[in-house]
Amino acid sequence: MSASAVEMPAREIASAVAARKLSAVEVTQESLRRIERDNARLNAFHEVYADESLSAAKAIDRSIVAGKPVGALAGVPVAIKDNIVTDFGRTTCGSKFLEDYRSPFTATAAQRLVESGAIIIGKTNCDEFAMGSSTENCAFGPVKNPIDPRKVPGGSSGGSAAAVAAGMCPLALGSETGGSIRQPASMCGIVGVKPSYGRVSRYGLVAFGSSLDQIGPFATNVSDAALLLQVIAGADRHDSTCSELPILDYLHDIDKPIDGMRIGVPRQYVSNHNDAAVNEVVRRAIDTFRGLGATIVDIDLPLTDYGIAVYYIIAPAEASSNLARFDGIRYGNRAKLGPGEDLFDLYAKSRAEGFGPEVQRRIMLGTYVLSAGYYDAYYKRALQVRRLI
């Protein structure tokens with residue numbers, strides 16, 4: 001096997017494994033070697049499943065030898081963000097509160113990976129409860145950008161983005177509430193897709209902002225991102241917000257030339273609010289598409305500037321509600337009480353010990369906008385503006 005086999009496109013790896021030109025074990029071993037070599041420097045992975053992944057790879061190889069059908073990602077190592085639960089290993093959400101939490105079930109998206117023959121290689125570090133844009137707000141240390149370890153990889157799915165960009169694995173899953181897939185993909189120089197809400201089941205994704213959260217793919221190329229989305233998308237009886245619409249074949253027109261395609265560019269997206277270098281990159285991309293025959297259409301989205309303000313009301317409000325379950329009683333961090341301390345002290349001490357400062361800030365902001373006298377002025381108004389946007 002070539003030493004760079006794990007850097008092959010995922011589609012090629014799966015085809016080579018199915019044709020017995022590569023073995024799933026060889027690919028998995030190479031992925032594990034790369035993680036062992038680079039993870040101490042980048043801190044992309046929180047937990048690596050060496051024994052479990054090799055066992056799964058051996059099972060794939062046995063199935064192929066026996067002539068049994070294998071899935072679209074047979075033998076492809078995939079990392080998953082540490083807020084997507086599995087019934088093996090831990091799911092910490094990058095938080096001390098869940099440092100030793102082990103889920104009794106597996107998220108739908110992760111289960112569909114297993115059913116497709118993918119090898120879940122490990123869990124990746126993330127901003128605590130997916131709250132952050134740099135993966136510096138992780139209880140287990142910051143993640144480094146593989147392009148330049150002096151810089152951040154973006155967030156909150158920075159571990160997944162860094163793992164793919166560094167060649168530790170060809171594919172990874174992240175989650176996005178307000179940029180947490182697309183932004184780290186951009187900062188690490190890879191492809192990230194935030195699917196439409198409801199396209200991918202949220203069952204087993206630890207909730208941050210339930211009306212915004214979505215699981216999506218990271219890959220080194222568009223075709224692999226499309227393939228991974230194909231595997232994880234679709235209706236799920238465990239998630240009532242999941243769309244019942246049939247899944248499209250995302251690979252059908254993947255190589256079709258874009259000559260004649262119309263691409264809308266909102267004028268607000270190239271503005272003085274951006275760093276000049278960002279605007280320059282966007283303009284170069286527009287020129288590239290135009291040079292390939294696409295028609296660029298100017299679009300006016302006048303409410304764009306309200307987007308961040310609306311997000312920072314809705315997302316913290318939903319986080320405040322969702323994170324109320326972490327109370328030190330049912331599971332997770334439980335503080336020790338001193339003489340005379342009561343249930344209120346248990347709640348307060350457990351949450352103060354378990355949650356980092358960014359999570360605490362967002363909980364307090366969310367609780368405030370949901371409180372009596374402020375609900376209509378902030379949360380309800382934000383929902384109305386989101387609908388307008």
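Helices (H or I, at least four residues) and strands (E, at least two) are DSSP runs, numbered from the N terminus. By that rule, Glu 280 and Arg 284 sit four residues apart in helix α8 (residues 276–291), so about one helical turn separates them. The structure is a predicted model, in which local features need pLDDT of at least 70 and side-chain atom pairs count only at pLDDT 80 or more, while totals for chains, interfaces and linings use all residues. Residues are numbered from 1 along each chain as its sequence is written, and side-chain values use heavy atoms, with hydrogens and water left out.

**Salt bridges**

- A salt bridge is a side-chain nitrogen of Lys or Arg within 4 Å of a carboxyl oxygen of Asp or Glu; the count by this rule is 18.
- Side chains of opposite charge can pair when their charged atoms come close.
- Salt bridges with shared partners join Glu 7, Glu 30, Arg 33 and Arg 34 into one network.
- Within helix α2 (residues 24–42), Arg 34 and Glu 30 are four residues apart, about one turn of the helix, and their side chains meet in a salt bridge at 2.9 Å, N to O.
- Arg 34 is buried, with a relative accessible area of 9%, and Glu 30 is buried as well, at 8%.
- Another salt bridge, 2.9 Å from N to O, links the side chains of Glu 47 and Arg 90.
- Glu 47 belongs to strand β1 (residues 45–48) and Arg 90 to the loop between β2 (77–81) and α4 (108–115), so this pair ties together parts that are 43 residues apart in sequence.
- Glu 47 counts as buried at 13% relative accessibility, and Arg 90 counts as buried at 19%.

**Nonpolar cores**

- A nonpolar core is a set of buried Ala, Val, Leu, Ile, Met, Phe, Trp, Tyr and Cys residues joined through side-chain atoms within 4.5 Å.
- In soluble globular proteins, nonpolar side chains tend to be buried together.
- The largest core here has 67 residues, of which Leu 73, Leu 113, Phe 129, Leu 173 and Ile 232 touch the most other members.
- Helix α9 gives the most to this core, with seven residues.
- Apart from this core lies another of 21 residues, including Ala 44, Phe 45, Val 164 and Ile 190.
- Contact means heavy atoms within 4.5 Å; beyond four places in sequence, Leu 73 touches residues that include Leu 113, Leu 171, Leu 227 and Val 231.
- Val 164 is in helix α5 (residues 158–165) and is buried at 2% relative accessibility.
- Not counting residues up to four places away in sequence, the contacts of Val 164 include Cys 169, Leu 171, Ile 190 and Phe 218.
- The C-alpha atoms of Val 164 and Ile 389 are separated by 33 Å, and the two residues are 225 apart along the chain.

- Glu 176 is in strand β4 (residues 171–176) and is buried at 0% relative accessibility.
- A polar atom of the Glu 176 side chain lies 3.0 Å from the backbone nitrogen of Gly 179, and one lies 3.0 Å from the backbone nitrogen of Ile 181.
- Leaving out residues up to four places away in sequence, Glu 176 touches Ile 181, Arg 182, Lys 194, Leu 212, Asp 213 and Gln 214.
- Thr 124 is in strand β3 (residues 119–124) and is likewise buried, at 0% relative accessibility.
- The side chains of Thr 124 and Ser 160 make a polar contact at 2.7 Å.
- Outside four places in sequence, Thr 124 is in contact with residues including Phe 45, His 46, Lys 81, Asp 82 and Ala 163.

Technical notes. Buried < 20%, exposed > 50% of the residue type's maximum accessible area, 1.4 Å probe, protein only. Polar contact = N/O pair within 3.5 Å; in protein donor to acceptor, adjacent residues only side chain to side chain.
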